[in-house]
Amino acid sequence: MNSAPIPADTETRVNLLDLDREGMEAFFVRLGEKPFRASQLLQWIHQRGVTDIGLMTNLSKTLRSRLEAVSEIRPPELVLEQRSADGTRKWVLQVDAVNRVETVLIPEEGRNTLCVSSQVGCSLECSFCSTARQGFNRNLTTAEIIGQLWVAQHRLDEEQRISNVVLMGMGEPLLNFGNVVAATRLMMDDFAYGLSKRRVTLSTSGIVPALDRLAEVSDISLAVSLHAPDDTLRNELVPINRKYPIRELLAACKRYVGTENRRKVTFEYVMLDGVNDRPEHARALVRLLSHVPSKVNLIPFNPFPNSAYRCSHPETIARFAQTLQDAGLITTTRKTRGRDIDAACGQLVGKVNDRSRRQFRLHLAH
Ligand code: SAH
């Protein structure tokens, strides 16, 4: 038998939910085992939802006890489950002593989409988003990101499989690059969740260098939170635009889809009454996107306590959509779901022990 160079120390136990295939194979090689064990473990954990290593009967008893000594399978703890009148479900997960994140399931005809968080809070300060008000605590680990899918899938009946994942929950996924990429690899691994790259979507506010890095290591679907057709307005709504302005962002989007031009970038556009919803904004958006393979997803603004905005009128949204469509842009309007349980876009707040002192700074600003 090979001897494992990994200490049997409970403090340093590896959480196997943290490992994608590559990480899992490396783990087994370090244990002196064959890399194919990774597939077996991934299936037990992600497809069968087993957290007790003792139950993994296609592994020898000796291997099971060695694994138990050095590793564990520790999903985030489920603290609250809510169900909206429209079928949307929200799970609140405790990720450490002080922080909670939220994950939301949106059931639709023919698909079940899970909206996953990538950070505890968010360090960006988009003016229309309630997560931004919470401040920022830390990045989620791979285990905590994939753990949301793990928990959600195992709360559902067997026939209700999660078919799509969108990284549109709390946080900016491209500011938690490594852990997000590892988690999306697990989402697409045939021995874990087996989702196709078209069914895993990362939404970003536009961290340009990270977007270029993503193109090198992944080909998941891309959504970009645009929200404004010019820099002056976008600087105000999505302040990261001051660092990565629209022109650079769209160039990066083109590079992202460049290699395989069947793909389109989805541009998200939150509809704010009197702010970004006028006919000239729609026309400017058409001009802006004319050189990028795009789809547009209009998002009716979801209000939250003390938000400074109102949602555009339904007729305004319909007219805005029509202008885009008339110009040949594929345009959809997101149906608001789960508002009654605060599960709609921009309403996820979890419980964030803010370390950015945002509340303090906001207070000083007034
Ligand atoms: N940080 C990433 C991931 C969050 S995705 C990003 O910015 O893309 C969440 C989506 O909901 C984003 O498009 C975000 O701009 C949008 N959103 C935020 N607050 C909202 C609100 N109050 N109403 C509607 N959409 C909102």
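Me: At what angle do helix α7 and helix α9 pack, and how far apart are their axes?
Reply: In this predicted model, helix α7 (residues 208-217) packs against helix α9 (residues 246-258) at an angle of about 5°, and their axes are 9 Å apart. Angles under 35 degrees count as roughly parallel. α7 and α9 are therefore roughly parallel to each other.

Me: Which residues of α7 and α9 meet?
Reply: On the α7 side they are Val208, Leu211, Asp212, Leu214 and Ala215. They meet Glu248, Leu249, Ala252, Cys253, Arg255 and Tyr256 in α9. Sorted by class, this contact has eight nonpolar residues, three charged residues and no polar ones.

Me: How should I read the pair formed by α10 and α11?
Reply: The angle is again the starting point. Helix α10 (residues 279-289) and helix α11 (residues 314-326) pack at about 30°, with 9 Å between their axes. The two helices are therefore roughly parallel to each other. The crossing in which α10 passes α11 is right-handed. From α10, the residues that make the contact are His281, Ala282, Arg283, Leu285 and Val286, and from α11 they are Phe320, Thr323 and Leu324. By class, the contact of α10 with α11 has five nonpolar, two polar and one charged residues.

Me: Where does the pair of α2 and α5 stand, by its angle?
Reply: Helix α2 (residues 37-47) and helix α5 (residues 142-155) pack at about 60°, their axes being 10 Å apart. α2 and α5 are therefore oblique to each other. Ile45, His46 and Gln47 in α2 meet Ile146, Trp150 and His154 in α5. This contact of α2 with α5 has three nonpolar and three polar residues, and no charged ones.

Me: Turning to the ligand, which of the 21 residues around the ligand come nearest?
Reply: They are Phe128, Ser203, Ser225, His227 and Asn302.

Me: Which atom of the ligand lies 3.0 Å from Gly171?
Reply: For a polar contact, one looks for a pair of N or O atoms within 3.5 Å. At Gly171, a backbone N or O atom lies 3.0 Å from a nitrogen atom of the ligand.

Definitions and conventions
Residues are numbered from 1 along each chain as its sequence is written. This is a predicted model: local features need pLDDT of at least 70, side-chain atom pairs count only at pLDDT 80 or more; totals for chains, interfaces and linings use all residues. Side-chain values use heavy atoms; hydrogens and water are left out. Axes are lines fitted to C-alpha atoms, for helices over the stretch in contact, and angles run from 0 to 180 degrees between N-to-C directions. Helices (H or I, at least four residues) and strands (E, at least two) are DSSP runs, numbered from the N terminus. Angles under 35 degrees count as roughly parallel, over 145 as roughly antiparallel, 65 to 115 as roughly perpendicular and the rest as oblique. A crossing is left-handed if the near helix is turned anticlockwise from the far one by less than a right angle, and right-handed if clockwise. Contact means heavy atoms within 4.5 Å. Ala, Val, Leu, Ile, Met, Phe, Trp, Tyr, Cys and Pro count as nonpolar, Asp, Glu, Lys and Arg as charged, and the others, Gly among them, as polar. A residue is near a molecule or strand if one of its heavy atoms lies within 4 Å of it. A polar contact is a pair of N or O atoms within 3.5 Å; within protein, one must be able to donate a hydrogen and the other to accept it, and residues adjacent in sequence count only if both atoms are side-chain atoms.
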